[in-house]
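Q: Please take a close look at the aromatic rings in this model. Which rings pair up, and how are they set against each other?

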Amino acid sequence: MILLEGWNTMEKPQASGHFCFHRVGDGTFYTGELRRNEKRFRFVYDCGRYPCRKCLSGEREKCDRKLDRSINRFASPAGVPFDLLILSHLHEDHINGIPQLLKRSVPSVVVLPYTEPARRLEIALTLEDAENPDLLALLADPCRYFLERGVQQVVYLSENSPSAGAIEIPEEYEGLISDEMPDSPRAAEILRLEQPEERFSPLIKQSCAGGLPVPGFRWKFVFYNRTPSSRSELSRRYGSMTAGELSEILTNPQERAAILEESSDLFARRAGRQTDTCSLVAYHGPLFDNQQLSLFPGYKKYGTLLTGDVDLNVCGAELRSYFWMELGHTGLLQLPCHGLASHWDEGFLENFSNPVVCVASTHQDHPERLDGKMRGTIRRAGMLCARADQNNSFTYHVRAYLKTANLILDRLELF
């Protein structure tokens, strides 16, 4: 444990936060919990483990157990709901823990980027666990899947408008989902493809609407979503598919096998990998006076930027423009795509005005993740570099007092 700023252990904190990148290797399972007096707000960003296609069965079982233990630790005691689940995108290593998570605890609100049925079909055809009924049901109709399991509200975020910018939420506002979040211009098209029943109709919002304020806490979430600029052959072929038609395909193994066979050239060229470079990016941090929190001595910065599998070479400039207000208050950055060098743009760090902890959720046996060149650019920018892997989690805490605050990092592994 490394204490980055002194604090009085006899003084009772007004508010505290505990955040963790769990030890799931190249998957992503990030959780946060805010406490203020008797109030508590808990959230999850992605819940999955690395699909161990090349691992021995024993190694895969270890990965499953580690993810299960992390889920059980977060969702304890079982049956107590949590507040918010954010999905960056629907790749397997970001969602294959969702069924286990929902068995233990159900979120009140789910926020995810809208993904067309044809694209969800493509993802389903590349699942390692191709016969998992829960994952197939989630990909077939995400809104129905969550609402049938007790979620109160599902929010689809469509792509940002060209003039999008992060909007500050007034501190006095304490609604869970802001009514100021405008409906997407694509709402009619999305509803047509999803064929919603009235009781399963999702909210469809622009992701540039000022984020999500947290009741009882001066805390917010701001989202960014970018639609892929290109479509695959499979997406073009099934572009008008609805959620109902997709459900019929995914519940019919013979039909899935036929589509997979006719699309074999497409997947062979990719070696079975997904190619999306877009994710729902989420910033979270407090709304109260920034003099109360400090990530490093002398720097009053505190927010966290979660990037999923976004490619900074493709949309780094858009992120800089969109999060221009938040980047100046960011103290921790999740390295995109588990620290994969091909998704990294070293110039992105120029926008941070203070030291930042850069964290990658990665696998120790993958040298191309968080490689030496990437670590070098982070060090030269005056930042710290750390990772969560299959053996070690990465946790940090915020404690806010009347006059002082601190952030503590546990198991900080510097490179």
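A: F146 is buried, at a relative accessible area of 0%. Buried means under 20% relative accessible area, exposed is over 50%, and partly exposed lies in between (1.4 Å probe, protein chains only). Y145 is buried too, at 2%. This is a predicted model: local features need pLDDT of at least 70, side-chain atom pairs count only at pLDDT 80 or more, and totals for chains, interfaces and linings use all residues. Residues are numbered from 1 along each chain as its sequence is written, and side-chain values use heavy atoms, with hydrogens and water left out.

The structure holds 16 aromatic pairs. The ring centres of Y145 and F146 are 5.4 Å apart and the planes stand at 85 degrees, so this pair is edge-to-face. For the terms: rings of Phe, Tyr and Trp (its six-membered ring) pair if their centres lie within 6.5 Å; planes under 30 degrees apart are stacked, over 60 edge-to-face, the rest tilted.

F394 and Y396 make a tilted pair. Their centres are 6.4 Å apart, with 45 degrees between the planes. Both residues are buried. F394 and Y396 also belong to a cluster linked by ring pairs.

The charged end of R42 sits over the ring of F74, 4.9 Å from the ring centre. The criterion is NZ of Lys or CZ of Arg within 6 Å of the ring centre and within 35 degrees of the ring normal.
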